[in-house]
Amino acid sequence: MPKNSARAGKGTQSSDGSPKPAAHSAVLVIGLGNPFRGDDSVGRIVAARVRRRNRPHLRVAESSGEGADLLELWADSGAVIVVDAVESGGKTGMVHRFEASQRALPVRFSNSSTHAFGLGEAVEMARALNQLPQRLIVFGIEGRRFDVGSKLSAEVKKAVPHVVECVVEEARRLLAPQVPGSPGSSTSACGA
Amino acid sequence: MKKKSAKTRTIRVDALTRVEGEGGLHVKIRDGKVIDVKLKIFEPPRFFEALLRGRNCEEAAGITSRICGICPIAYQMSTVHAVEDALGVRVDGQLRALRRLIYCGEWIESHALHVYLLHAPDFLDYDDAIQMAQEHPELLQRGLKLKKAGNEIIRFLGGREIHPINIRVGGFYKAPSRKSLLALEEQLKWAREAALETVRWTAGLPFPEFEQDFLFVALRHETEYPFNEGRIVSNRGLDIPVRDYEQLFSEEHVEHSTALHSSLKDHDSYFVGPLARYNLNFDRLSPMAREAALAAGLRAVCRNPFQSIVVRSVEILYACDEALRIIEEYEMPEKPAVDFVMKAGTGTSCTEAPRGILYHRFRFDDHGAILDAKIVPPTSQNQKAIESDLLQFVPRNISLPEEELRRRCEQVVRNYDPCISCSTHFLKLHVEHV
């Protein structure tokens with residue numbers, strides 16, 4: 001599994017490309033965003049750092065955030081963590097945690113994507129088609145700079161190590177069946 | 001809903017949804033007459049042409065493909081063909097066929113996304129594809145699976161689905177073996193059947209009467225339905241080689257858009273994309289696609305932009321059929337790319353992106369360093385046609401309740417599957433009654 005994850009990594013936009021087994025017991029971490037649009041790249045940066053931890057129970061993928069791509073990526077996974085930049089008017093660098101398998105993402109969060117069919121739509125489409133992973137956690141990092149060619153803002157950059165820890169901790173809890181993850185959404189300490 | 005007491009009305013859509021990128025629409029109505037229509041594109045300009053200067057022409061395809069996540073193949077194809085034109089390189093045989101094959105993949109995935117997820121909800125009166133999925137899950141499942149079949153071709157030949165990495169000047173970095181390519185066959189056979197079903201299904205959607213006297217512009221090739229090659233032709237006698245494009249087509253800046261508006265000499269607006277391609281190349285479709293179109297009630301010429309959803313479906317069918325033909329006839333070439341010697345030059349190219357003709361011109365020095373570049377995407381060429389459609393559409397539907405009129409205006413825009421990210425350069429609808 002970790003070898004596949006490494007292959008998925010190498011700057012790819014998408015899945016690990018190997019034939020998918022029927023289902024994965026590992027947690028799938030998906031970093032979303034456009035690497036060339038400032039804070040929008042933070043999801044992918046977090047995913048890359050999680051990949052470097054090389055944990056056998058973690059598969060890591062990166063995606064531009066195009067909805068149909070996401071539906072395909074998480075099709076065979078029971079537990080998924082998505083990391084994406086958001087723009088909700090909150091303080092830059094603030095980390096939001098949503099249990100998307102329980103409820104819809106707030107609409108305003110999908111605005112930082114220029115995709116006609118993005119993360120928010122993919123979650124609801126999967127729900128309508130009964131294809132939603134059993135557990136789908138979304139970490140949203142509040143960004144402020146999304147223009148092409150811009151760099152990560154200092155506040156978002158500072159939030160990265162914290163989000164990496166949140167993801168690893170979340171995965172650990174998702175893998176421990178007897179310890180239920182905290183449902184609902186939270187904006188403090190990743191809801192941990 | 002506001003009534004006619006005020007003489008002037010404005011319909012505004014601040015942020016158009018179900019289009020790629022950021023834009024809006026502003027329609028101003030006075031005394032029941034539309035006095036102004038603006039397709040506002042405010043996605044910031046991206047300066048790709050300037051960014052290319054100084055970069056080597058061999059790495060240009062890796063840069064231009066970043067212009068769009070939905071149609072990266074179109075950019076890569078126009079780019080490598082422009083460079084090859086300058087170098088006098090001709091890519092033929094199986095390598096040329098493979099380039100058609102990867103383009104088939106892009107048409108399938110891009111058209112399936114638009115037909116099922118972006119455009120169909122307009123016809124069935126749903127707010128979006130998610131609402132539609134709740135009542136018609138089987139339709140959305142089919143659409144998504146069809147899109148996946150297109151992505152599979154791109155992933156297989158391109159190395160990955162988005163911003164593929166296997167295309168280069170002269171051909172490919174690696175050509176597949178016949179055996180490995182055959183692995184795509186089964187999924188494509190399913191896709192061809194699903195595409196046929198898609199044509200039948202879309203043909204039964206409700207279409208408003210809206211025939212327009214468009215100036216259609218597309219590529220035309222001697223024997224093929226066009227992807228990478230052909231002359232630029234119109235339904236009014238235009239027939240020029242690609243290198244003459246800039247003599248007749250020009251771009252201008254308008255205040256309300258960060259995407260340049262294109263025009264054809266002596267004409268106001270022109271129309272590129274599936275409808276134009278179909279009308280100018282009906283006889284080049286495969287027999288299966290042609291028969292399906294006729295059985296669906298289309299004729300050899302379709303002038304109703306609302307029926308573009310049917311034409312797009314016919315093109316999905318054609319792309320599946322063509323992909324299967326290429327795979328069947330494929331033999332692994334000796335080399336994955338044609339050799340070439342770098343030299344200074346200027347080259348042009350035009351290929352048929354899912355949304356219409358995509359023109360490129362590059363000039364580079366002896367070392368291949370790009371001196372200047374010009375890129376004209378399809379959506380920027382269609383901006384005037386979209387505005388012109390709205391100018392015709394709104395007066396005929398002026399009695400519709402405000403919300404309904406706004407929805408229908410958005411549908412008019414979506415007939416063109418605009419990719420605002422590509423043309424700059426996003427979309428939001430304002431209708432103002434002044």
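Me: What should I keep in mind about the numbering and the model?
Reply: Residues count from 1 along each chain as its sequence is written, while chains are lettered from A in the order in which they are written. This is a predicted model, in which local features need pLDDT of at least 70 and side-chain atom pairs count only at pLDDT 80 or more, whereas totals for chains, interfaces and linings use all residues, and side-chain values use heavy atoms, with hydrogens and water left out.

Me: What is the phi of Asn54(A), and is Asn54(A) buried or exposed?
Reply: Most residues other than glycine have a negative phi. Asn54(A), although not a glycine, has a positive phi of about 55°; it lies in the loop between helix H2 (42–52) and strand S2 (58–63) of chain A, where helices (H or I, at least four residues) and strands (E, at least two) are DSSP runs numbered from the N terminus. Asn54(A) counts as exposed, at 51% relative accessibility, since exposed means over 50% and buried under 20% relative accessible area, with partly exposed in between (1.4 Å probe, protein chains only).

Me: Where is Asp417(B) found?
Reply: Asp417(B) is in the loop between helix H14 (402–414) and helix H15 (420–423) of chain B, with a positive phi near 45°, and is buried, with a relative accessible area of 3%.

Me: Which residues of H4(B) meet H8(B)?
Reply: Contact means heavy atoms within 4.5 Å. Ile108(B), Val115(B), Tyr116(B) and Ala120(B) in H4(B) meet residues of H8(B), including Leu188(B) and Trp201(B).
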